[in-house]
Amino acid sequence: MDILEKTGKENYSITKEEIIQLLEIENQSKSFYELLAASCEQSRRTFGNRGYVFTQIGINAEPCPINCKFCSMGASHFSMDSQWEKTPGEICEMLIHLQKEYFDDFFLMTTADYPQEKIINIGKAVRPLLREEQKLVANIGDFGIQTAIKLKEAGFTGAYHINRLGEGADTQATPTERLQTLQAIQEAGLELYYCIEPIGLKHTYEELAKEIVRARELHVNVMAAMRRVAVQGTPLYERGQITPVELTKIVAVTNLAVKPTRAMNVHEPMQVAMLAGVNQLYAEIGANPRDTDSHTEKSRGFNPTVA
């Protein structure tokens, strides 16, 4: 396709209309495999065949008032098998154990209402346990510039934050709050980790293209695409989920359009997406919003070795 030829040019920026055209490629067509090849070639050229494993601990399994309709921890439909919160000491012990295996960036995830002072203090406790080159990333609720500055002072190097698909409709967060947090992250000098998610069967390519363009305008270095997982007990369970092949196509288009400089991820890990040039995967333990087992390492989670 002519569009794919353009993507190979270093300074070419795919238009929103071209992003939609690529997303409309038939998944069983020759163009589909040409798309994957173009994305993989870009990844190998940009990332230099470097791969990454990021590890994330979900540190509390508790009802969350943001009530995302796809999340097992939504307060109105809490679907996990138990409720708990890890102490700072327990988190440090988990990290010491994790350091026996190789991983790169380390994420701490909480529900949206988890006290921000707590996560700042936990960051201070775990930072000395990480190697100098390992990054410390916060995956928490919305916050302002003062909290962003405190996170950086505590040793956090970045934050995972996005404007989710269906924000304000499938969630009780607002796009305004999400965008203000994105601004605070970048103003504080934290690295922003971004993702197109959670992608469901009803989301249009127009909606996906809008968020892909947003990610490009944010100049993120670590990018991802994630499908919505059908979690039993959540309001969106009956809507099902997109196929691995469809997600792989979205990964390829996102990679070509955003052109992240450090890593491109697919979530949850799946082998077929590696054909699109994915060079980063997550290993998860603890609470996971896509799981009803509150210790996802016993269910959906991967460890750093097999992720």
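Author: Of the contacts in the chain between residues at least 6 apart in sequence, 71% join residues that are at least 24 apart. This is a predicted model, and in it the chain has nine helices and 11 strands. A compact globule of 307 residues would have a radius of gyration near 19 Å, and because the chain has 19 Å, the two agree. Along the principal axes, the C-alpha atoms fill a box of roughly 55 × 45 × 35 Å. Buried residues account for 57% of the 307 residues, while the chain exposes about 13100 Å², of which carbon and sulfur atoms supply 50%.

With that setting in place, we can turn to the interior itself. In soluble globular proteins, nonpolar side chains tend to be buried together. Here the largest nonpolar core has 89 residues, and Phe-106, Leu-108 and Tyr-194 are those with the most contacts inside it. The element that gives the most to this core is helix H9, residues 244–258, which provides eight residues.

Asn-67 is found in the loop between strand S2 (60–61) and strand S3 (84–85), and although Asn-67 is not a glycine, its phi is positive, at about 55°. Since buried means under 20% relative accessible area, Asn-67 counts as buried, with a value of 15%. His-219, in the loop between helix H8 (205–217) and strand S9 (222–227), likewise has a positive phi, near 55°, in a residue other than glycine, but His-219 counts as exposed, at 66% relative accessibility.

There are also cis peptide bonds to note. One joins Glu-197 and Pro-198, with omega about -10°, and Pro-198 has its place in strand S8, residues 196–199. Another joins His-267 and Glu-268, with omega about -5°, and Glu-268 lies in the loop between strand S10 (263–267) and strand S11 (280–286).

How values were computed. Residues numbered from 1 in each chain as written. Predicted model: local features only at pLDDT ≥ 70, side-chain atom pairs only at ≥ 80, totals over all residues. Heavy atoms only, no water. Helix = DSSP H or I, 4+ residues; strand = E, 2+ residues; numbered from the N terminus. Rg over C-alpha atoms; globule rule 2.2 N^0.38 Å. Buried < 20%, exposed > 50% of the residue type's maximum accessible area, 1.4 Å probe, protein only. Contact = heavy atoms within 4.5 Å. Areas by Shrake-Rupley, 256 points an atom, 1.4 Å probe, with all protein chains shown as cover. Core = buried A, V, L, I, M, F, W, Y, C linked by side-chain atoms within 4.5 Å.
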